[in-house]
Amino acid sequence: MAPSDPLADGSASPSAGNAPVVVVLPAGGAGTRMAEDGQPSKQFRHLGDAPVLVQTARAFAGHRAIGPIVVVAPAGREADVDTLLRSFGVDAHVATGGATRQASVSAGVRALPSATTVVLVHDAVRPFVMPDVIDRVVDAATTHGAAAAALRVSDTLRQGGDGPLFGTTVSRD
């Protein structure tokens, strides 16, 4: 666990009134779809100058609306993750992940300050979240009690059918 707990100060967000907006980054997955012998899991692979997990944490750490960050690490890797984050200047609390994504998110939420009213849960291997998306999700969650970011589909999607042929084209509307 982090020696100095960034959750202790309850940093407030300008978008969420006086309560801190806290981010939970589940990073406990094994990355089996990208698994290669001898290669690290997806969250620990480098993207540019830092691992994907660090790039994702940076996207939130540099945002004006975000207070504390909780990174949920694979069980047994908490100290490694804490050291990694600190070596790149990212201040985050590290929590122990569970056997499933749901269990890991739950562990991250349990690690939050009691004054937390807005929680963003963002996949630790999705580093390209834009500041305006974070703003809109924080504002919507503050206003409506819950929110999720989504993009309109621009690709053509086909619904799977029985057999070797695709089914119908899915509407983009």
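Reply: Helices (H or I, at least four residues) and strands (E, at least two) are DSSP runs, numbered from the N terminus. This is a predicted model, so local features need pLDDT of at least 70, side-chain atom pairs count only at pLDDT 80 or more, and totals for chains, interfaces and linings use all residues. Residues are numbered from 1 along each chain as its sequence is written, and side-chain values use heavy atoms, with hydrogens and water left out.

Me: OK, how many bridges join β4 and β5, and in which sense do they pair?

Reply: There are 4 bridges between β4 and strand β5 (residues 93-96), in the parallel sense. Val94 in β5 is the bridge partner of Val71.

Me: And what about β1 and β4?

Reply: Strand β1 (residues 21-26) runs parallel to β4, joined by 4 bridges. Leu25 stands opposite Val71 there.

Me: Is β4 buried or exposed?

Reply: Buried, meaning under 20% relative accessible area, with exposed over 50% and partly exposed in between (1.4 Å probe, protein chains only). In β4 (residues 69-73), 5 of the 5 residues are buried, so the strand is largely enclosed by the rest of the structure. Ile69, Val71 and Ala73 point one way, Val70 and Val72 the other, and all are buried.

Me: Switching topic: where is Ala103, and how exposed is Ala103?

Reply: Ala103 sits in helix α3 (residues 101-110). Ala103 is partly exposed, at a relative accessible area of 31%. Gly28 is 75 residues from Ala103 in sequence, but 10.0 Å away C-alpha to C-alpha.

Me: Which ring does the charged end of Arg77 sit over?

Reply: The ring of Phe44, 4.4 Å from its centre. That counts if NZ of Lys or CZ of Arg is within 6 Å of the ring centre and within 35 degrees of the ring normal.

Me: Last one: what volume does the second largest pocket have, and what lines that pocket?

Reply: About 290 Å³. It has 14 lining residues, and closest to the centre are Leu120, Val121, His122, Val137 and Ala149. β6 (118-121) and α4 (131-144) each give two or more residues to the lining, with the largest share, 4 residues, from α4.

Me: How is a pocket defined here?

Reply: On a 1 Å grid over the protein atoms alone, a cavity is a set of points where a 1.4 Å probe fits but cannot get out, while a pocket is an open set with protein on both sides within 12 Å along at least five of seven lines; lining residues have an atom within 4 Å of a point. Grid points are joined across faces, edges and corners, and the volume is the space filled by probe spheres set on the points.

Note on methods. Pairing = 2+ DSSP bridges.
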